[in-house]
Amino acid sequence: MSIAVAILGRPNVGKSTLFNRLVGRRLALVDDIPGVTRDRREGEGRIADLCFRVIDTAGLEEAAPASLAARMQAQTELALAEADVALLVIDAREGVTAADRHFADRLRRSSKPIVLVANKTEGRATLPGIGESYRLGLGDPVPVSAEHGEGLAELYERLRPFADARDADAVPVGHDKPLQLAIVGRPNVGKSTLANRLIGEERLLTGPEAGITRDAIAVDWMWRGPRSCWRRARPACRCAAAGPQNDGRLQ
Ligand code: GDP
Ligand code: MG
């Protein structure tokens with residue numbers, strides 16, 4: 001499963017332009033009139049080999065309760081809740097505004113990872129705006145020009161670790177997914193013997209005495225070669241405890 005990246009920021013900073021750039025199509029309306037984007041919009045974003053779900057938002061505004069702006073704001077909050085990482089976009093030409101500071105504070109409280117994106121950085125005249133953005137306390141900004149497709153390599157570098165972390169957590173699918181097999185039963189019914197037969201070696205101690213296996217023993221094991229559906233099993237010998245040497249705990 002790919003990560004979800006939400007694009008947030010005050011109106012008119014170029015969020016929808018960045019969204020379109022990342023999905024490679026003009027899916028979202030772009031305009032220099034603030035408030036054009038209302039619903040959150042989702043698409044499949046890509047930078048080189050990095051694929052992710054990207055969510056464009058109406059932007060963060062301070063809004064009166066029950067107003068359209070408040071409902072747009074609620075959509076933005078939902079996008080943030082769904083996101084693995086938030087891109088807070090600012091307009092580097094205008095520098096950091098009070099609204100940017102307000103929303104930087106809001107995002108910091110959300111505990112989501114934030115990547116600060118300084119947009120509209122084509123041309124060196126915007127460099128002072130980039131310097132100012134450090135004061136938001138969100139780390140190094142990524143200078144981009146969504147309109148001109150500049151700065152995407154650095155954005156890639158900043159998003160890559162989140163995608164890698166997701167990949168590391170992912171459970172393998174298909175026949176590569178290991179089967180977790182637990183062998184359970186009361187003492188002395190032959191759990192360890194069965195495990196040893198399956199594995200094909202005397203891996204677990206067996207014997208007439210009840211309760212020989214004390215721990216759950218995990219064994220990686222391949223059933224009949226790599227093409228089998230049981231790639232790996234975990235004959236964890238556990239039994240509901242009974243008898244003089246145990247006290248009702250699982251062994
Ligand atoms: P949003 O309200 O944050 O979604 O902003 P939009 O994507 O609708 O863009 C607002 C305005 O900024 C439009 O006129 C865009 O053409 C302009 N814009 C967006 N990205 C850039 C950029 O990288 N450079 C410049 N110069 N203008 C941009
Ligand atoms: Mg927009």
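Among contacts in the chain between residues at least 6 apart in sequence, 60% join residues at least 24 apart, two residues being in contact if their C-beta atoms, placed from the backbone, lie within 7 Å. The model is predicted: local features need pLDDT of at least 70, side-chain atom pairs count only at pLDDT 80 or more, and totals for chains, interfaces and linings use all residues. Residues are numbered from 1 along each chain as its sequence is written, while chains are lettered from A and ligands numbered from 1 in the order in which they are written.

The chain holds 6 helices and 8 strands, taken as DSSP runs numbered from the N terminus (helices H or I, at least four residues; strands E, at least two). Read from the N terminus, the elements follow the order β-α-β-β-α-β-α-β-α-β-α-β-α-β.

An open sheet of 6 strands, with mixed pairing, is arranged as β2-β3-β1-β4-β5-β6; two strands pair if DSSP finds at least two bridges between them. Its edges are β2 (41-47) and β6 (142-143), each of which pairs on one side only. Strand β2 runs antiparallel to β3 (residues 50-56), joined to it by 7 bridges, and here Gly43 stands opposite Val54.

Helix α1 (residues 15-23) touches β1 (4-8), β2, β3, β4 (85-91) and β5 (114-119), and its direction makes about 55° with that of β2. Helix α3 (residues 98-110) touches β1, β4 and β5, its direction making about 170° with that of β4. These angles run from 0 to 180 degrees between N-to-C directions, with axes fitted to C-alpha atoms, for helices over the stretch in contact.

Because 8 of its 9 residues are buried, α1 is largely enclosed by the rest of the structure. A residue is buried if 20 or more other C-beta atoms lie within 10 Å of its own, exposed if 12 or fewer, and partly exposed in between. The buried residues of α1 include Lys15, Arg21 and Phe19, and their cover includes β1, β2, β3, β4 and β5. Gly24, with a positive phi near 80°, follows the helix.

Over the chain, buried residues make up 31% of the 251 residues. Not counting residues up to four places away in sequence, Leu87 touches Val5, Ala6, Ile7, Leu8, Val115 and Val117.
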